[in-house]
Amino acid sequence: MKNAGINGYGTIGKRVADAVSCQDDMKIMGVTKRTPDFEAKMAVEKGFPLYISAPEREGLFEEAGIPVTGTIDDLYEKIDIMVDCTPGGIGAKNKEVYQEKGVKGIFQGGEKHDAIGQSFNSFSNYKDAWGSDYVRVVSCNTTGLCRTLQPIKDLCGIKKVRAVMVRRGADPGDVKTGPINAIVPNPPTVPSHHGPDVQTVMYGLNIVTMAILVPTTLMHQHNLMVEMESTPSLDDIIDTFEKTPRVLLFEANKGAGSTAQIMEFARDIGRSRSDLFEIAVWKESINIVDGELYYMQAIHQESDVVPENVDCIRAMLEMEEDPSKSIEKTNKNMGILG
Ligand code: NAD
């Protein structure tokens, strides 16, 4: 049994804490909070030992009546690995502290690849993280691109990918960002940073991306155009997506024609927080025109990276050498479909 901590119990952190807790080979020893808000209270109610990441703020927790087990320094002594889920840019600073404390660290997509030195996707480069000390799980968009491009690459090789990403303006619980009534080229420059980010895990892939932000909170949506090395049949592509773990095909003409309906599906199957860990590909959108593959997919940004964090722990702590066995175990324990 390996011991993990979560630094930053927010959107990603609370989901990774739950995902680790339902595995039988790893355990959450504690989660950290800076602010004594309802999330801190719920962490305690769920049974996660709560540690303060800013010890000078201990008084605030006392005032709020939220019991804490200690400060983050106490947590370092209990763990094999810290899963850093703090806001983008803070993780890179925390890396220096983890190095001082001799604790391994997983970081999220808000950190720059170069600041951490190594990036991870379960399907693309699991084995490269074997025994590593500091690894970044790529962002929600990059994870979504890798989940469907890797099986296509394995099936028939890829010459070039072009992708246009329609990004959610904010997470559902976020009141600080937007837009609320605009379409924003983001970044306004082409290509966007997403292509180079995919190349940190799918080495040498020829990919060019562009992205816009839109006023929605539910999911990101991607439009992909893939030039392939050889041309499989449409059935081969559909069959490949059907067999790929963490990818689900949805049919627009059977009530799943939008991100709203796909999220409704996640609620209906009883997923906690209405999470959809799987990448949703619209079956009708899959087509081959003049030898080029086209498809559309949707990404639940708050949750798709969560199973990858679990696999990353297994690779870094040398718990399972075979990526497909880790993926299968994570999926089974989290109730992931497909
Ligand atoms: P969040 O704001 O929801 O949660 C961050 C948590 O860290 C909060 O609990 C906050 O109180 C805490 N925190 C803030 N400053 C801290 C500090 N200095 N030290 C310790 N804790 C601190 O953020 P999030 O959306 O969960 O994002 C976390 C990381 O995951 C970022 O790198 C982000 O880019 C990445 N990510 C986010 C999403 C998404 O859609 N939300 C998807 C994939 C990856």
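This is a predicted model: local features need pLDDT of at least 70, side-chain atom pairs count only at pLDDT 80 or more; totals for chains, interfaces and linings use all residues.

Strand 12 and strand 16, the latter spanning residues 292-299, pair in the antiparallel sense through eight bridges. In this pairing, methionine 225 stands opposite tyrosine 294 of strand 16.

Strand 12 has another partner. Strand 9, residues 158-168, runs antiparallel to strand 12, and eight bridges join the two. Here valine 164 has asparagine 223 of strand 12 as its bridge partner. How many of the nine residues of strand 12 are buried? Seven are, so this strand, residues 220-228, is largely enclosed by the rest of the structure.

Let me turn to glycine 105, which is placed in strand 6, residues 104-107. Its relative accessibility is 0%, and because buried means under 20%, glycine 105 counts as buried. Beyond its neighbours within four places in sequence, glycine 105 contacts Ile81, Met82, Tyr98, Asp133, Tyr134, Val135 and Met316. Lysine 95 lies 10 residues from glycine 105 in sequence, with a C-alpha to C-alpha distance of 7.1 Å.

Finally, the ligand. It is surrounded by 20 residues, the closest being Thr11, Ile12, Gly110, Arg168 and Asp171. By class, this shell comprises six nonpolar, 10 polar and four charged residues. In aspartate 171, a side-chain N or O atom lies 2.5 Å from a nitrogen atom of the ligand. Of the 820 Å² of accessible area that the ligand has on its own, the protein covers 78%.

Methods. Residues are numbered from 1 along each chain as its sequence is written. Side-chain values use heavy atoms; hydrogens and water are left out. Buried means under 20% relative accessible area, exposed over 50%, partly exposed in between (1.4 Å probe, protein chains only). Helices (H or I, at least four residues) and strands (E, at least two) are DSSP runs, numbered from the N terminus. Two strands pair if DSSP finds at least two bridges between them. Contact means heavy atoms within 4.5 Å. A residue is near a molecule or strand if one of its heavy atoms lies within 4 Å of it. A polar contact is a pair of N or O atoms within 3.5 Å; within protein, one must be able to donate a hydrogen and the other to accept it, and residues adjacent in sequence count only if both atoms are side-chain atoms. Accessible areas come from the Shrake-Rupley method with a 1.4 Å probe; for residues, only the protein chains shown count as cover. Ala, Val, Leu, Ile, Met, Phe, Trp, Tyr, Cys and Pro count as nonpolar, Asp, Glu, Lys and Arg as charged, and the others, Gly among them, as polar.
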